[in-house]
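Me: I would like the terms used for this model set against their definitions. Please take them one at a time.

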Amino acid sequence: MKRGFYLGKYMPPHRGHLFVCETAMQLVDELTVLVCALPDDPIAGPLRFAWMKEMLPRARVLYHDAVVPQTPAEHPDFWRIWTDICKTAHPEPIDEVFGSEPYIAKLATVLDARPNIIDPERIAFPTSATAIRSDPYGNWPMIPAPVQRHYQKRVVLMGAESTGKTTLAQALAKTFATRCVPEYGRNYDAVQRHIGWQSDDFDRIATTHRATSLATAPHAGPVLIEDTDPLQTRVWQKHLLDLTELTPNTAQTADLYLLLAPDTPWINDGTRYQETTAKRMGFHTDCLSILRQSGVGFCEISGDWRSRQTAAKAAITDLLTFKGPQT
């Protein structure tokens, strides 16, 4: 049995880390990966541990979160402390210690193992955890799918009929090279309007829309664009059932909502309900109300088509401008 060992913070894990792991697993019979964490790390240790376990099902992934010195300058017994940590985590003999950092040579020596430093110049995968923490969206291709879920943003377009939600959502998806989640309620309406609306119809619409969003997200980029969401479904529920109050929102909300003002001409495409200005304004007011009640971030978009595109693009660009570490 040939055993390998690889420790690090993986804050966050990136494709370079996985490259080292996958290389190591070609060279040893068993690879142990030790995820190390401190209480004040900018990305929580248990989350990183869960990511590594998900991405490395063939490796033995362990977790260490005791507060210990991080560099030899911090403590005269630094190497003894870390030797004990490693041997406690991996009591079996270690044949090779893997990594991309120079300290691997010393760590292997104190563990009576052979160092195997993989691509220290980051040629195969030119990235680092520091670079990703500083600008995850600029380093998106280097972030593995489970970690992308952590950073990905959801942007939802809301508004009354004929405000350009569908057209703008598709245009924004193209601009940001991502995916657009279509409005499920539009398809549901094609049948249901002939039968009559019931309260549970809106629960089904909200649940199915959320399912389509989750199914689309892994194929999207740093931002996922959605044409309406369960929040707007509750507004439709009020208006189509002639309720006096909005149904409380229980859905998982998005990172940003773009509320499109009804200052565009109403076009009857055969599926519309809001033929009067009063109906459109009432719907818009309720959208604004539920956004405020939910405490979500939103931006009101108005004006002609070019103005709407410009304002929406600016709002999303600002959302994707990384402003600090995520926990």
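Reply: Buried means under 20% relative accessible area, exposed means over 50%, and partly exposed lies in between, with a 1.4 Å probe and protein chains only. By that cut-off, buried residues make up 49% of the 327 residues in the protein chain. The model is predicted: local features need pLDDT of at least 70, side-chain atom pairs count only at pLDDT 80 or more, and totals for chains, interfaces and linings use all residues. Residues are numbered from 1 along each chain as its sequence is written, and side-chain values use heavy atoms, leaving out hydrogens and water.

Me: Why is Cys180 called partly exposed?

Reply: Its relative accessible area is 24%, which falls between the two limits already given.

Me: What makes Cys299 partly exposed?

Reply: Cys299 has a relative accessible area of 25%, so the term applies to this residue as well.

Me: What share of the contacts in the protein chain with a separation of 6 or more joins residues 24 or more positions apart?

Reply: The share is 73%, where contact means heavy atoms within 4.5 Å.
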